[in-house]
Amino acid sequence: MLRLRPRRAAVVAVLALVTAGCSTSGSDPAASGEGAPGTAPSGTATSSAAPGVTVPPGAAATTSATSPVPAARAGIGARPSAGAGACTVFPADNVWHADVSRLPVHARSAAMVGAIGAGATVHADFGSGTWEGAPIGIPVTVVPAGQRRVPVTFGYADESDPGPYPIPPDAKVEGGPSGSGDRHVIVWDRSACRAYELFDAHRSGAGWRAGSGAVFDLRSNRMRRAGWTSADAAGLSVLAGLVRYDEVAAGRIDHAIRVTVPRTRTGWTWPASHSASSATDPSLPQLGQRLRLKRSVDLSGLPRQARIVAEAMRRHGLIVADHGSAWFISGAPDPRWDNDALHALDRLRGSDFEVVDAAGLMADPASATTR
């Protein structure tokens, strides 16, 4: 879970500058939102949930034939239904899936790694069971075709995709129903191949209220409007950067991983679309910055789950998505995670990473398509 930090005043100031030159008229289901930073302590815990099933708090693991909202929903690690198997999280040529293992090292790599924390260790901010009563990680709720849409109101409506959203009343909330952190709600409609993502989400009447919201067409490489945020500070999809159990079980993660850092500088690096800082220190990374685990780091001693995650950090890298604790990587909770194995990633330090120059991947600054 992520804990809110007092960033809002700074964000409002930045948004006032950015949005002054941006049009907010019209709606675009692939362009908007507002992320918040945070830290996320996690720890070893237990779970009694059935593998691959996300059961909302207080809900029985049954399905009503007459209700459009099932009481139990397939979790992110569950096997997709036959009709939804074609929905991947963005096309294969999307920047999230790019192989960055041979990209050049950024000229300011050492300074940026130092600013993030060269001596700080990697932390898998996801796992099985609970920590302080809350599930570990950012949960994803998979909804069926025809899920009823409900109204959503936003604190940052000028940068949020308007509702209604197909978010069920029992959708999983990061940190649990009483969580006080970032409270992300991530809904994956595999039939429509869209992700609906909320930051600071709370039930409100028949619908939801949130700090911000973004809708992503997962079959498209279209980016968010320049200057617009999302449920993440960088204006990126949260779902796209989560480590998911089904990927690790299959033996390979084919995308970059979401990571938080304590501070960033103003502006953003492609594929991000939003800045959440007024700092100008060139040693600080920007939101959207791509990092890579060095090839020289020996991964042979890591347990399987940790090794597969580390291999992804070497091949596809990390993308700076939000403010929070240094080197905290994000994933979806699942009862099948081995928390001890994931904690082995703590052996990796900031000095084991380098910032890469990803500009050569960019085919068009307004698109996430890679060359």
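Reader: What should I keep in mind about numbering and the model?

Author: Residues are numbered from 1 along each chain as its sequence is written, and side-chain values use heavy atoms, with hydrogens and water left out. Because the model is predicted, local features need pLDDT of at least 70 and side-chain atom pairs count only at pLDDT 80 or more, while totals for chains, interfaces and linings use all residues.

Reader: In what order do the 6 strands of the open sheet lie?

Author: Strands of a sheet pair through backbone hydrogen bonds, either parallel or antiparallel. Here the order is 3-16-13-15-14-17, with mixed pairing; strands are DSSP runs of E, at least two residues long, numbered from the N terminus, and two of them pair if DSSP finds at least two bridges between them. Strand 3 (123–125) and strand 17 (353–355) are the edge strands, each pairing on one side only. Strand 3 runs parallel to strand 16 (residues 328–330), joined by 3 bridges, and A124 has I329 as its bridge partner in strand 16.

Reader: Is E197 buried or exposed, and which side chain of opposite charge is nearest?

Author: E197, in strand 9 (residues 194–199), is buried, meaning under 20% relative accessible area with a 1.4 Å probe, protein chains only. E197 has no salt bridge, as R224, the nearest side chain of opposite charge, is 7.3 Å away; a salt bridge needs a side-chain nitrogen of Lys or Arg within 4 Å of a carboxyl oxygen of Asp or Glu.

Reader: With which side chain does that of E197 make a polar contact?

Author: The partner is the side chain of S237, at 2.8 Å, and the side chain of E197 also reaches the backbone nitrogen of L239 at 3.1 Å. A polar contact is a pair of N or O atoms within 3.5 Å; within protein, one must be able to donate a hydrogen and the other to accept it, and residues adjacent in sequence count only if both atoms are side-chain atoms.

Notes:
Helix = DSSP H or I, 4+ residues; strand = E, 2+ residues; numbered from the N terminus. Buried < 20%, exposed > 50% of the residue type's maximum accessible area, 1.4 Å probe, protein only. Lys, Arg positive; Asp, Glu negative; His and termini not counted.
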